[in-house]
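Here are my notes on the fold. Please read them with the model open.

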Amino acid sequence: MKKLLFLLCIITFMGCKTPFQQNSITIKNNGNDSLFTIAFGSCDNQKIKNELWLAIDQNNPSVWIWGGDNIYSDTEDMKVLNDNYQIQKQDPEYLKFIQNKIIMGTWDDHDYGANDGGEEYPLKRESQQLFLDFIGTSKNALERKRDGVYTSKIITIDNNKVKIIVLDSRFFRTALTKATDSTKRFQPNDFGQGTLLGSDQWKWLENELQTSDANFNIIVSSIQFLSNKHGFETWGNFPHEVEKLEKMIVSTKAKGTIMISGDRHISTFSSKIIDSLPYPLVDFTSSGLTHTYKGFSGEENPYQKGEVVKDINFGLLKFDFKNNKVIMEIRGIDNKLMQQFIQIYPAN
């Protein structure tokens with residue numbers, strides 16, 4: 001796959017010293033039956049050595065997705081924020097890792113600039129530009145001119161397509177409701193109160209799903225979509241928006257939709273049967289890359305599949321187009337396989 005991407009670089013005159021930037025990319029597989037692989041992860045403290053880059057690279061991913069908390073820099077000082085991004089971006093192992101890969105991602109609260117921060121963060125537009133610099137977004141890209149870091153990319157592999165839809169759960173997110181239960185931080189807002197994505201992003205997302213002809217649609221959310229009982233940040237704090245997205249996936253007939261998420265400092269698979277959706281909706285959480293919730297002792301998650309992983313980890317999505325199958329893996333140090341979840345989707 002790396003050789004194929006190198007050839008693609010030559011064809012598109014982009015060179016291989018920087019990540020790919022197009023919104024649509026074609027990879028010529030030439031009948032190769034090898035799996036197309038996406039890797040992702042979140043919660044990477046720039047002051048802690050990331051020991052996973054080599055292990056991730058051993059899986060030959062064509063795409064790396066940052067899932068949020070890509071640095072830790074709760075600040076309103078943009079110089080401090082930029083300096084922390086530079087520590088991360090100039091890591092020699094990371095620089096080697098990103099060669100010949102498509103790099104995408106979103107932010108979460110600690111790289112946004114404020115713990116549990118939302119629309120009220122006063123420097124969100126300045127922070128947005130620094131994030132886009134970090135992710136390698138070109139200076140004339142649409143994302144530079146609009147509010148929020150949401151974006152999408154279509155990747156074509158022979159006659160198959162994977163669409164990656166990256167959401168922004170920070171820029172437009174309205175107030176959360178503090179929990180009355182002292183063991184939790186937040187509780188769900190009253191149904192219909194507040195928004196996670198904001199009206200413009202919702203319209204954009206509906207169009208992205210409505211117009212998608214991809215075999216698989218990967219929705220990137222910095223916070224968990226399905227797990228909703230833990231009392232931290234989750235889509236479940238906006239129950240009306242959970243319902244809205246589920247209905248949107250159904251109504252747009254988006255094929256093979258998978259959620260990937262981060263934030264929690266643990267890794268887990270969740271899966272939900274949704275009325276009129278011909279496949280289960282999976283939310284694959286991978287977190288964290290440099291540090292995890294070592295004291296985790298369990299929590300309620302009605303959709304959980306398998307066991308929660310609390311060692312440092314990264315996530316893999318391996319697409320088997322021939323069999324309409326996605327192999328999802330949680331891996332850790334030395335590329336150790338910690339857990340696997342396989343989902344077969346309806347034939348296209």
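1. Strand 11 (residues 267–272) and strand 13 run antiparallel and pair over three bridges. Ser267 has Val309 of strand 13 as its bridge partner. Two strands pair if DSSP finds at least two bridges between them. Strands (E, at least two residues) and helices (H or I, at least four) are DSSP runs, numbered from the N terminus.

2. This is a predicted model: local features need pLDDT of at least 70, side-chain atom pairs count only at pLDDT 80 or more, and totals for chains, interfaces and linings use all residues. Residues are numbered from 1 along each chain as its sequence is written, and side-chain values use heavy atoms, with hydrogens and water left out.

3. The open sheet has eight strands in the order 1-5-6-9-10-12-11-13, with mixed pairing. Strand 1 (24–27) and strand 13 (304–309) are the edge strands, each pairing on one side only. From one strand to the next, the twist averages 15°.

4. Helix 7 (residues 199–210) lies across strand 5 (151–157), strand 6 (160–166) and strand 9 (216–220). Helix 7 runs at about 175° to strand 6. Axes are lines fitted to C-alpha atoms, for helices over the stretch in contact (heavy atoms within 4.5 Å). Angles run from 0 to 180 degrees between N-to-C directions.

5. How do helix 3 (residues 78–89) and helix 6 (residues 124–135) cross? Their axes come within 10 Å and cross at roughly 15°. That makes helix 3 roughly parallel to helix 6 (angles under 35 degrees count as such).

Terms used
Parallel < 35°, antiparallel > 145°, perpendicular 65-115°, else oblique.
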